[in-house]
Structure formats: C-alpha cells, structure tokens
Amino acid sequence: CEAQLRAGTGRWATRYELLDRSGSVVERDLGGVVDAATVEFQSEQEIKGSLELEMRPHDLLGDTSLFQYRIKPYYRLEMPDGGWAEWPLGVYVWTRPARSLTGLLADEDEPSADWSATLGDLSHLLDLAGPSPDGFKVEKNEPLTSGIRRALQAGGFTNTAGVVESDEVAGEPLFWALRTPRKRRRRIHAARRAERDARKIQQAVSAGFATQAASDAAQRRVRRAQKRAKFKYEVEYGATTWLSIIGDLTEALGYHQLFFDATGVARVIPTVNYKNGVSAGVTFGTTDRGVTAEPVDVDYDLSEFANIVYTQTQNKLAIQVVGTADANVLVPGHPLSQARLGKYVQHVETVDKAPSKAALEKTATWLLYRKLSFYEQIDLSTLPWPVHEGFETVGLVHSGDSEYATTKFFLETGWSLDLVSGEMTHALRRVWIPGD
C-alpha cells in the first residue's frame, strides 16, 4: 500500500459512511450528495478534527437529526491487482448545515438547495456536557489515567483502550464542581459560629466577666473549625465539561491533549522526549516522490520562542511548586539555547492540576520543545497520505537544500486533505535533536 501511495499513479476515490449514535452503519456511502469535502486535524485547537462538507440535501439529515448521526469518510486507492484499499479519516458529529436556497431561475426547472457544514470530531460531544453540580473527583493516589478513563466513560465513551497508562497519581484529591459541596458548607458555617463565639468571649474578658483561659480555649476551637472548613481538595468551581477535565489531567501528565483517531477511538498519548532520539512516522522528500512539485515554504516565528520554561502550581498549603526545563540541558547546542544565544528567554506556565513535581517537570519539558519548535516552521503539500494521524513526528529530506540533504525531524501541528483534488497540506515545526 505504501508503494502505491507514493507512486501517485493509481486511481483513488472516497466514500462517506453515515452512522447512527451507536456507530452502526445506516448508509454505506453518502457520496451521491457530497460535492466537496476536506478533512483537517489541528493539534492546537480544542476540537482537533473537522470535516468540511458541501453537499445537497439528504432525507435523514433534516431538522430533527441534530447530534443523531456521524459521518465517517474514507480515502480509497486502487491496488495493482485491481482491488481497493481504504483508510478511515475520522468520525464526525452531524450538527446543522448552513443552507443556500435558490429561487426558480429561468434556466432551472425548480428551486434548489445547497448545504454546507463544518463538523467536529467526537470530542465535540465531550465539550457539550460535564459532571452534575456535585462535581467530579480524582481521589488521592488514584492514577491520573484512571481519572481520564472515568471522565471518558461518564461522557459516553466506553472504549478507553487508546489511553496510554502512566504511573503518575494524584498527590491530593482533585475536584471539579459547579457548587460548594454540602459538607464543606456546613463546616464553613461552623467555623463562622466559632469565630463569633470567640469574639463574644474576648469581649467578656475585656469586661471582666470571663477568664483569659476561656478565651484561649475559644481560639483553639476556632482554629480547629477553620482547619476542618479548609477545603482539602484542589478545586475548580464553575461550569466545566468532560473535555476540559480531561484537558486538565493530560496537562498534569505532560501528555498530548485528547484526540480521536481515524477509527473514532479516543487517544491520550505521551509526548515524545526528543532528548532520547526520535523516529519519523513518515518521511516526505524529493527522493521518494513524497513531496509534490509545489515549493516547500520554510519560515520562523521568534515571537513565541523560549529557551527555559517554568511550570508552577500551588498545593493545598499554598506553597508554590515549580518544574523547570532548560534548553542547555535538554537540547545542548540548539541555536536558541542560552549557551548559544547568550541569555535566557523564559516562559512561565501555571498548571491547574499538578499531581507532583515530577509531573510538572514533564509538562515543562514538553512546553520547552514546543517553544523551541518555532525556530523553524514549514508548510508543504504532498500526495495524499491517509495513514497518519495526530501529533506525528515526520521527516523531511530535500536534495536541493544543504541543511535538508539529511533527514530533519518535525512535529506535525496540523494537516488538511482535500477529498476532491487529493491535495494534502501539512504544517510542521522543527524538532531539534542531539546531533543536529
């Protein structure tokens, strides 16, 4: 299949499955009403996958179909033996189309309607709903990936096989709530009563009606009540969604944000530590026909870069805990490191839910790699490559440039595949590894 994809000579086609909410196939191919379609993945958006459609009306996708259906596009390629291989390109939630209704024109027999829709992937459903007003909690010493799985299941996704395990656990209970829990409300009221009683006793001491020992005892009761009233969870109040809860937990792990793969399975995966070396999921280049004839545009954005990153959080005692990632240590010799640049350019990130200092270090490491990647940005067009997904590390080799004469590595931050023209575009940011 890879040789046929790289050859760029085989016939190709698309099809669009219509699924119901359970994932069962309702219609094998909507292609008869689809005029144009583009699939995109943007890693820095909250809902990362999208399907943009231009189509004609379909009977099942009417006024009452909101969130009832899913569309699953496929890229299909004819093999040398005459058979067809196909690759799914994600599962997208049907919402509502924008409609263009034309009147009866002189050269038409009847009025017509054109639909256009931009559909989000399945994370759209996690962004619609969240926990009950009583909240969602990850217990102390519970693995954070267990919390992610429970949040996915609560959001309606029973298949959590795409969540990669981590040994990171919650150092303190983590809590997301719409309102203050009832037990804490009672303890707050008790603390306020103890404070009022202590003030009255102190006034009585001043007037000579009570002893100082009684006042001291009242103050001890105040301190005990205040200690009990102090909320023992790291808490976030206000409306929240399952997607934002999972986002908090993946950030605390130093993982990539949640995305859904080509088959519609939720994926939560670790970020790559490039200090240990890296391999490319796919390499594009002039030597294997992986890059089209269009120019490869190389640019940079130094307004976003940093060469040292601090991540910070506060534990329940309000003591600040800090993680650090330094380019001098992680990427020695990087052109933007302090050793080469002559100064530190810092970035400070506050992590809402951090289970440990080790987790903060992981988050700082990934943020540093991201900040350094703005050193070099590339947009390029390729032949269709439907077999890779989100957060790929890709290689680039280009015989016309001395720097790229040997393979260089990039994090793919986004891609787009036009399912009519077959053109695929990629947004890449440079990964600088030891030895570059």
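**Exercise 1. Find what the buried side of helix α3 packs against, and name the residues involved.**

*Solution.* Start with the partners: the buried residues of α3 pack against α2 (123–126), β10 (136–138), β11 (174–177), α6 (242–253) and β14 (266–267). Here contact means heavy atoms within 4.5 Å. Helices (H or I, at least four residues) and strands (E, at least two) are DSSP runs, numbered from the N terminus.

Before going on, note that this is a predicted model, in which local features need pLDDT of at least 70 and side-chain atom pairs count only at pLDDT 80 or more, while totals for chains, interfaces and linings use all residues. Residues are numbered from 1 along each chain as its sequence is written, and side-chain values use heavy atoms, with hydrogens and water left out.

Next, list the residues. In helix α3 (residues 144–154), the buried ones are Leu144, Thr145, Gly147, Ile148, Arg149, Ala151 and Leu152. Buried means under 20% relative accessible area, exposed over 50%, and partly exposed in between (1.4 Å probe, protein chains only).

Last, look past the helix: α3 is followed by Gly156, which has a positive phi, near 105 degrees.

**Exercise 2. Describe the aromatic pair of Phe41 and Phe259, then do likewise for Phe136 and Trp176.**

*Solution.* Rings of Phe, Tyr and Trp (its six-membered ring) pair if their centres lie within 6.5 Å; planes under 30 degrees apart count as stacked, over 60 as edge-to-face and the rest as tilted. A search of the whole structure gives 13 aromatic pairs.

Step one: the rings of Phe41 and Phe259 are 5.9 Å apart, centre to centre, with 85 degrees between the planes, an edge-to-face pair. Phe41 belongs to strand β3 (residues 34–42) and Phe259 to strand β13 (residues 259–260), so this pair ties together parts that are 218 residues apart in sequence. Phe41 counts as buried at 5% relative accessibility, and Phe259 is buried at 3%.

Step two: the ring centres of Phe136 and Trp176 lie 6.0 Å apart and the planes meet at 45 degrees, so the pair is tilted. Phe136 is in strand β10 and Trp176 in strand β11, so parts 40 residues apart in sequence are tied together. Phe136 is buried at 7% relative accessibility, and Trp176 is buried at 0%.

**Exercise 3. Describe the largest pocket by its volume and its lining.**

*Solution.* First, the term: on a 1 Å grid over the protein atoms alone, a pocket is an open set of points where a 1.4 Å probe fits, with protein on both sides within 12 Å along at least five of seven lines; lining residues have an atom within 4 Å of a point.

Now the volume, which is about 570 Å³. A volume is the space filled by probe spheres set on the points, with grid points joined across faces, edges and corners.

Then the lining: 26 residues line the largest pocket, and Ser43, Glu44, Lys48, Gln257 and Trp366 lie nearest its centre. The elements giving two or more residues to this lining are α6, α9 (357–372) and β22 (408–418). The largest share, seven residues, comes from α6, the helix that also packs against the buried residues of α3.
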